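Try each task before reading its solution.

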Amino acid sequence: MLYSVLAVGDVVGEAGLAHLERHLRPLQKLKHISFTVVNGENISGVGLTCKQAWRVYDAGADAVTLGNHTFGKMEICRMLDETPWLLRPANLSGRMPGHGCEIFDLNGLRFRVVNLIGRCTLQWNAENPFTLADRLLKQGTADFTLVDFHAEATSEKRAMGYYLAGRVSAVVGTHTHVTTADEQVIDGTGYITDVGMTGPKDSILGVEKDIIIERFLTYYPKRHRFAEGDIELNGVLMDIDTKTGECGSIERYRQIIRSV
């Protein structure tokens, strides 16, 4: 028997969140999705509020992962310790609130989600994500394991994919907001370097294009504003064998909703 799993890329802004609320459950029904992981660290641009986290969960997410902007909205700290489905990178300091590994019940099977952050140009002060992954996989038992690796460098992401190949069901990259075309199955492990973002399509990583271009031209800091217009949802669909925990297939999914 196969379970279909959906991983959704970084949700950007209120428009991206509203799109998720309108379209995630119909997509789950259409594709017979059994488990959904959504990265939500950019809903407020830098971080997310408690209300926004609950909206992602109520929209249909089984697990909500975060990244380098985990503490962009400090109010989220009170949820991180109390909410099993809200994960921050496990290799951030253990003194920080929250956790980065959780096992969920999926029709009697155990589905483990691990959230890690990369160190190359992103979080050099974080614990080594490779060695921590080894330790987390030895803690408890799970029928499936999905790793959200929130990292900047494609080399670091691909290294993690090959390092965990054959030991987890999937390694999906987040953070760069641009979908890569290298989805593949490596020794039973579904892999993609980045699943992309869910937010304004005609933008630069969700932000108005002119603002970012002006910064490259002048280096003058300007306040970011989310772009408007068409919204896209990007993610990957994976079929996972319930007996072996192996990923049989992985495919990119992109949905664009035209603005009215």
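**Exercise 1: the sheet**

Step 1. Strands here are DSSP E runs of at least two residues, helices are H or I runs of at least four, and both are numbered from the N terminus; two strands pair if DSSP finds at least two bridges between them. Look at Leu-116, whose bridge partner in strand 8 is Phe-149.

Step 2. Now widen the view: the open sheet has six strands in the order 6-7-8-9-11-10, with mixed pairing. Strand 6 (101–106) and strand 10 (184–186) are at the edges with a single partner strand each, so one side of each has no neighbour in the sheet.

The model is predicted: local features need pLDDT of at least 70, side-chain atom pairs count only at pLDDT 80 or more, and totals for chains, interfaces and linings use all residues. Residues are numbered from 1 along each chain as its sequence is written, and side-chain values use heavy atoms, leaving out hydrogens and water.

**Exercise 2: the lining**

Task: sort the lining of the largest pocket by class.

Solution: the lining has eight nonpolar, ten polar and five charged residues. Asp, Glu, Lys and Arg count as charged; Ala, Val, Leu, Ile, Met, Phe, Trp, Tyr, Cys and Pro as nonpolar; the others, Gly among them, as polar.
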